[in-house]
Amino acid sequence: MLVNTYAHIQQSSRVELGKKFESGFYAKPEAPSPQAVPAAGEPTISMTALLELLKNADPKVKAQLRLALLT
């Protein structure tokens, strides 16, 4: 009975939230994301160089990285 009585009150807010979510989720970014652009003076590294560093890393460092990525 409660849902039948008050369901119409939340309907418009649900529709509006759905539209906002859809427009944000399916929006095509026109500029690269802030994470993809290195900050001024920040060193950059290629993906292959990073993978080589990780392959040759100390096993203890690898374990810490794995733990950080999985938690």
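Asp58 caps the N-terminal end of helix α3, with a side-chain oxygen 2.7 Å from the backbone nitrogen of Lys60; a polar contact here is a pair of N or O atoms within 3.5 Å, where within protein one must be able to donate a hydrogen and the other to accept it, and residues adjacent in sequence count only if both atoms are side-chain atoms. The model is predicted: local features need pLDDT of at least 70, side-chain atom pairs count only at pLDDT 80 or more, and totals for chains, interfaces and linings use all residues. Residues are numbered from 1 along each chain as its sequence is written, and side-chain values use heavy atoms, with hydrogens and water left out.

**Confidence**
- The protein chain has an average pLDDT (the predictor's confidence in each residue, from 0 to 100) of 76, and 70% of the residues score at least 70.
- Helices are DSSP runs (H or I, at least four residues), numbered from the N terminus.
- Where pLDDT is low, the predicted coordinates should not be read in detail.

**Helix α3**
- The number of buried residues in α3 is zero, so α3 lies largely in the open; buried means under 20% relative accessible area, exposed over 50%, and partly exposed in between (1.4 Å probe, protein chains only).

**Nonpolar patch**
- Ile45, Met47, Leu50, Leu51, Leu53, Leu54, Leu65, Leu69 and Leu70 form a nonpolar surface patch with about 900 Å² of accessible area together.
- Helices α2 (47-55) and α3 are the elements that give two or more residues to this patch, and α2 gives the most, with five.
- Patch residues have over 30% relative accessible area and no salt bridge, and nonpolar side chains (Val, Leu, Ile, Met, Phe, Trp, Tyr) are joined within 5 Å.
- Leu50 lies in helix α2 and is partly exposed at 34% relative accessibility.

**Salt bridges**
- The whole structure holds two salt bridges, each being a side-chain nitrogen of Lys or Arg within 4 Å of a carboxyl oxygen of Asp or Glu.
- Lys20 pairs with Glu16, with the closest N and O atoms 3.5 Å apart; both lie in helix α1, four residues apart, about one turn.
- Lys20 is exposed at 53%, whereas Glu16 is partly exposed at 45%.
- Lys55 and Glu52 meet at 3.6 Å, N to O, and are three residues apart in helix α2, about one helical turn.

Definitions and conventions: Patches are made of residues with over 30% relative accessible area and no salt bridge: like charges are joined within 9 Å, nonpolar side chains (Val, Leu, Ile, Met, Phe, Trp, Tyr) within 5 Å. Accessible areas come from the Shrake-Rupley method with a 1.4 Å probe; for residues, only the protein chains shown count as cover.
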